[in-house]
Amino acid sequence: MEDREATTWRLILIRVLRYAAALYLAAVLMMSFLERRLVYPAPPVERGDWSASEADSPTAPRDVWIASEDGVEVHGWFYDAPEADRVVLYCHGNGDHVADSDALMRTIRRELKAAVLVFDYRGYGKTRGPDDERPVPTERAVLADGAAAQFWLAERTGRRADELVIIGRSLGGGVATALAAEHGAAALLLQDTFTRLTDAAAYHHPWLPVRWIMTNRYDSLARIVRYQGPLIVSHAEHDRVVPFSHAKRLFDACPSRDKRYLPQATRGHLDPMPIGYWVAVREMLEISGGRNHSPTPTDRLGG
C-alpha cells in the first residue's frame, strides 16, 4: 500500500514538473517573440509637436533626410548654428522620437554653443523605408542608421566623423558608444545607459535566460574599451530602468585619460538633465580643446 502511494506521488510530481517546464518554456518563447516590441517601444508618430520644423525662424530646426542602408531614409531635425564651437549628434532613448526633443536640442545648442542633429532610428518617427514602409529595427540596422547620421552631419558641417560630439541617452547610449568606438568622436557623453542591454534585461527579468536568447545586445562594455577620447558618464542614482551601477562599470572600462564620472543624486531615469550638467560638459569640452579620437583600423562595430 505504501509503495503504491509513493508511486502515485512520484507520478504527480513528475506531471507537475513537466507542466511547470512547459509553462516556463512557453514564457521564454513568448518573451523572445516580444523582444523587438520591448526593446523598441516606439511612441506613436502623432505624439509630439512636429510643427517646430515648420516655423519661419532662423533658430527653427530643419527637416533632413539621410540615406541609410536598404533604401531607408532616416529623418532628423538639424539645428544649425553658423558660429558654433562644436557639432553634436544626439542619439535618443527607445521611448522617444524627434518630435519630443525640440526643447532639449535648443538647450544643447545654447549651452554647448553647438550645431545639433537629432534623428530617428528605423521604426521611429518619420523614418521610412522604400515605398513608405516602416522598416523593422534591429541592432545592426539601428547602428547603420546612426552611422549614416554621423557621416551626414560631418559632411554637412565640414568636419570629420571623429570631430563630432556624440551624446547617447539610455538605448541611445548603446548606439553612441558603438559609433564612437567605430568612427571616433571629439567627445562621448553617456546618459543613464547600460553596460549591455542584456544586463539591463536580466535586472528586470532575472528568471529568464535573456543573456542567451536576446538578439539585440548593444554590448557597450565590450565596445567602450576601443574608445580613448574625452568621455563623460552620468547616471541618475534613482534610476529604476537601468541600474545605477552600470555607469561606473562603463566609466572604469573606458581607457580614456580624459574622462569624468557625474552621478546625479536627485534624478530618476526620465528626469531632465539639470543646467549644471551642461555647464560641466561645456567646461570639459573647452578644456579638452575638442580633441578628436580616431579608432584603430581593427576597430569594428560588432565587438
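**Note on the predicted model**

1. Ser170 is buried, at a relative accessible area of 8% (buried is under 20%, exposed over 50%, partly exposed in between, with a 1.4 Å probe and protein chains only). Ser170 sits in the loop between β5 (165-169) and α5 (171-183). Its phi is near 55°, a positive value in a residue other than glycine.

2. On the basis of the note: this is a predicted model, where local features need pLDDT of at least 70, side-chain atom pairs count only at pLDDT 80 or more, and totals for chains, interfaces and linings use all residues. Residues are numbered from 1 along each chain as its sequence is written, and side-chain values use heavy atoms, with hydrogens and water left out.

3. Lys113 also deserves a look. Lys113 is not a glycine, yet has a positive phi of about 50°. Lys113 lies in the loop between α3 and β4 (114-119) and is partly exposed, with a relative accessible area of 45%.

4. The protein has ten helices and eight strands (DSSP runs numbered from the N terminus: H or I of at least four residues for helices, E of at least two for strands). Of its 303 residues, 52% count as buried. Among contacts (heavy atoms within 4.5 Å) between residues at least 6 apart in sequence, 72% join residues at least 24 apart.

5. Helix α3 (residues 102-112) and helix α10 (residues 275-288) have axes that come within 9 Å and cross at roughly 45° (axes are lines fitted to C-alpha atoms, for helices over the stretch in contact, and angles run from 0 to 180 degrees between N-to-C directions). That angle makes α3 oblique to α10 (under 35 degrees is roughly parallel, over 145 roughly antiparallel, 65 to 115 roughly perpendicular, and the rest oblique). From α3, the contact uses Leu104, Thr107, Ile108, Arg110, Glu111 and Leu112, and from α10 Ile275, Trp278, Val279, Val281 and Arg282. These residues of the contact divide into seven nonpolar, one polar and three charged (nonpolar: Ala, Val, Leu, Ile, Met, Phe, Trp, Tyr, Cys and Pro; charged: Asp, Glu, Lys and Arg; polar: the others, Gly among them).

6. Helix α6 (residues 197-204) is largely enclosed by the rest of the structure, because six of its eight residues are buried. The buried residues of α6 are Leu197, Thr198, Asp199, Ala200, Ala201 and Ala202. Their cover includes α2 (35-39), α7 (210-213) and α9 (245-253).

7. The disulfide count is zero (a disulfide is a pair of cysteine sulfur atoms within 2.5 Å). Cys91 is buried at 0% relative accessibility, and Cys254 is buried at a relative accessible area of 2%.
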